[in-house]
Each structure stands twice: as C-alpha cells, then as structure tokens.
Amino acid sequence: MSTYRIRPIQQLNRSAKRKSKILLAIIAALLALGVVFSVMAMVGVFGMILPDQEEATGVEDVRVGDIQISKIGEGQIPKEYIPIYKAAGEKYNIPWTLIAAIHRVETHFGQDLNISSAGALGHNQFMSKTWVGWSYPGGTRLGNANIPKDILESPAAIKKYGGFGVDGDGDGKADPWNVTDAMYSTANYLAANGGASGNYQKAVFMYNHASWYVSRVMGFMNAYSSGSVEAVFIKGGSAKGSAAIEKAIQVGSSIVGKSPYVWGGGRNQNDIAARKFDCSSYVRWAYSSAGVDLGPVSATTTDTLIKRGKVVKASEMKRGDVIFFDTYKINGHVAIYLGDGKFLNDSSSQGVSIGDLNNTYWKAKFNGNVRRVA
C-alpha cells in the first residue's frame with residue numbers, strides 16, 4: 001500500500017496560475033486519499049493481517065511476569081510444561097501463555113511430533129534453516145534443508161549461521177525435539193520479530209504467514225490467560241426459558257438422530273426441507289422456527305453467530321443460550337445450551353444430537369463464549 005503526503009499550500013491569492021496549481025494539488029490529494037481509504041476498506045472487509053500491523057493483541061499493557069493461568073488453561077495445558085513456558089517467556093520478555101498457545105497449535109503439546117510435509121520439525125515445528133540459520137548453504141525456499149544432526153543441534157553452528165535454536169536446558173545441544181529447547185527457541189524467535197516490544201500479532205504472523213494462524217494462536221493465548229475467558233461451569237441453567245427459547249429447542253429436538261451433518265448445508269430452502277444442516281445453519285433454523293432472526297439463510301456461520309445477541313458469562317449461562325467451541329478453529333462449532341451441561345448441536349460425527357459438556361472432548365473444546373439471543 002502506498003502512502004501520500006501533500007505539502008501545506010500557502011498564499012492562495014498570489015496568482016491565477018498559482019491557484020490552478022493548488023487546485024491540481026487538491027485533486028491529487030483527494031485521489032490519494034481515495035486510494036488509501038479503499039485499501040483500508042479492503043483490510044476491514046477481508047480481515048487482512050499485514051506483517052507490519054500494529055494492533056492490540058487482546059492482552060493490553062501486559063506485564064509478562066504477571067500473567068496468571070485461566071481455568072481453561074488449567075484444564076488444557078500439561079502442568080509439567082508450565083514452568084518451561086514461564087522461564088522461556090521471562091528470559092525473552094514474551095507472555096508464557098503465547099508460547100503455550102503456539103505449542104498447542106503446532107503439535108497439541110507435543111502429541112504429534114511428526115515432521116510436516118514441508119519439513120517442519122520438533123515440538124514447535126521449526127523449519128531446519130530457521131533453526132540453524134538461513135546462511136546455511138542449500139535447502140528449499142521454505143527453509144527445509146538436509147542438515148546433519150550434529151550441526152542442527154550445535155549452538156556454535158547456530159551462532160555461525162544466524163539461527164534461532166536455543167540450548168534452553170544447558171546440556172550443550174539445541175534440540176528441536178527437546179521441549180525446553182523448543183520453547184526457548186520459540187520465545188527467541190517471537191522476541192526477535194516484534195514480540196519483545198509487545199507486537200505479538202506481528203511476531204506470530206512472522207512465525208506462520210497466515211491470518212487464520214494468528215487468529216488461532218491469539219485465541220488460545222487469551223483463553224489460557226486469566227481474565228480473558230470466563231471459568232467454565234457445566235451445571236445448572238436448566239430453568240424453563242421464554243416461549244421463543246422453548247419453541248426453538250422443541251423444533252431442534254424434533255430431528256435428533258434424524259439429520260446427518262452436512263458441511264455447508266442448510267443454506268437454501270431445498271436443504272432446509274431435507275433437514276440437511278451444519279452446526280451454524282442448524283442453530284439458525286431452530287431459532288428461525290421460533291421467530292428469532294439470527295441472520296440470512298445463505299450467510300449465517302459461526303463467525304456471524306458469535307456477534308448476535310449479548311455476551312453472557314459462562315458461569316451465568318441459561319437454557320437457550322448459544323455456546324461456542326474451539327474445534328477446527330476458534331469458535332468453530334456452535335450449539336444451543338439445554339441446562340445441566342447438556343446442549344443441542346449438529347456435530348460432524350453424530351449429526352443432530354444432544355451433547356454433554358462433562359464429556360472429555362466437549363469439555364476441552366468449550367471455550368466459554370456464550371451469547372444470549374432470545
């Protein structure tokens with residue numbers, strides 16, 4: 001995106017020729033502003049995240065050493081890793097919950113340590129040349145290279161080639177499959193790419209140049225940090241709701257076990273007549289049957305539903321509230337809360353069914369986001 005600077009115009013009354021030049025300058029300025037605003041509009045519509053973007057991270061004026069773990073973090077983060085995240089974060093001035101979030105997104109806390117199809121390796125999926133340094137000869141444009149283990153893990157070689165690998169545990173090796181080394185290296189990389197000055201979105205974008213990745217990592221960071229997401233309570237809230245709520249639940253319940261999940265389904269009248277829904281179109285249909293408008297048939301998604309109604313604390317959710325889960329993305333699944341931990345939903349595995357927040361899977365996926373729409 002180009003930027004334009006128009007110099008101040010002075011002494012407008014000197015001559016007609018001068019006025020003509022001024023008029024041309026004003027027109028040029030207006031055209032320039034039009035270009036700028038057009039680009040700004042595109043960024044707003046499409047949600048682009050630029051490498052040099054200076055935006056709020058969701059944890060404002062953060063003091064790294066003060067970050068406390070949330071209830072969701074307590075339920076998801078392996079306890080043995082927390083001291084490692086904290087030590088790495090303190091050394092490089094990076095929020096420890098950001099390091100934990102990347103570990104969660106990259107390998108689900110080390111549960112999947114396979115080398116990726118692109119060649120990324122270890123706990124936090126570094127490309128080998130990013131780890132040892134891009135001045136190391138050879139390799140692909142993505143940073144994958146056949147680097148011998150003794151060089152890849154050598155702090156001296158990493159210093160020589162300008163890499164980000166760190167010997168975090170002091171054993172003389174910088175091993176990407178060693179969880180301590182991996183977390184220190186991640187903190188080192190984030191700090192060098194804007195994180196040390198608080199620009200966490202930029203740092204995460206540099207880690208993986210994708211807006212969905214930034215959104216996912218920042219979502220987990222906020223969820224793991226105390227105060228960003230309400231504690232999850234999965235009992236109560238079962239008192240009978242309004243007439244609209246009870247009607248929506250009645251209609252939604254009428255097809256339990258009778259409607260298989262269809263990705264992208266429910267966005268035209270033929271699908272609705274055939275009861276072919278995905279999670280968001282199912283919730284929209286149930287409430288539409290009760291006279292509650294949650295958005296247009298063709299364009300209602302979890303991303304639009306999260307903006308409907310009003311925010312409700314998870315500790316205060318009631319029958320009929322719309323609740324969200326982090327599945328394939330943040331707020332990737334939606335359901336209607338029934339009370340006492342039960343909810344109506346259209347899941348990819350069971351279709352329209354009744355789920356339970358006490359279930360291990362759903363308890364881990366429920367992110368505490370609740371909206372009251374009726």
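**Salt bridges and a buried serine in a predicted model**

Good morning. I begin with Arg267 and Asp278, whose side chains meet in a salt bridge, at 2.8 Å from N to O. By salt bridge I mean a side-chain nitrogen of Lys or Arg within 4 Å of a carboxyl oxygen of Asp or Glu. Arg267 lies in the loop between α11 and α12, and Asp278 in the loop between α12 and α13 (279–288), so the pair ties together parts that are 11 residues apart in sequence. Helices (H or I, at least four residues) and strands (E, at least two) are DSSP runs, numbered from the N terminus.

Please note that this is a predicted model, in which local features need pLDDT of at least 70 and side-chain atom pairs count only at pLDDT 80 or more, while totals for chains, interfaces and linings use all residues. Residues are numbered from 1 along each chain as its sequence is written, and side-chain values use heavy atoms, with hydrogens and water left out.

Are Arg267 and Asp278 buried or exposed? Arg267 is buried, with a relative accessible area of 18%, and Asp278 is buried too, at 6% relative accessibility. Buried means under 20% relative accessible area, exposed means over 50%, and partly exposed lies in between (1.4 Å probe, protein chains only).

How many salt bridges does the structure hold? There are five. Among them is the bridge of Glu246 with Arg319, whose closest N and O atoms are 2.8 Å apart. This pair links distant parts of the chain, 73 residues apart: Glu246 is in helix α11, and Arg319 is in the loop between β1 (310–311) and β2 (322–325). Both of these residues, Glu246 and Arg319, are buried.

Another bridge joins Asp321 to Arg372, again with the closest N and O atoms 2.8 Å apart. Asp321 sits in the loop between β1 and β2 and Arg372 in strand β6 (residues 366–372), so parts 51 residues apart in sequence are tied together. Asp321 and Arg372 are both buried.

I turn now to helix α13. Nine of its 10 residues are buried, so α13 is largely enclosed by the rest of the structure. The buried residues include Cys279, Tyr282, Arg284 and Trp285.

Finally, Ser259. This residue is placed in the loop between α11 (243–253) and α12 (269–273), and Ser259 is buried, with a relative accessible area of 3%. What does the side chain of Ser259 reach? The backbone oxygen of Arg275, at 2.5 Å. Leaving aside neighbours within four places in sequence, Ser259 is in contact (heavy atoms within 4.5 Å) with Arg275, Phe277, Asp346, Gly351 and Val352.

Thank you.

Terms used
Polar contact = N/O pair within 3.5 Å; in protein donor to acceptor, adjacent residues only side chain to side chain.
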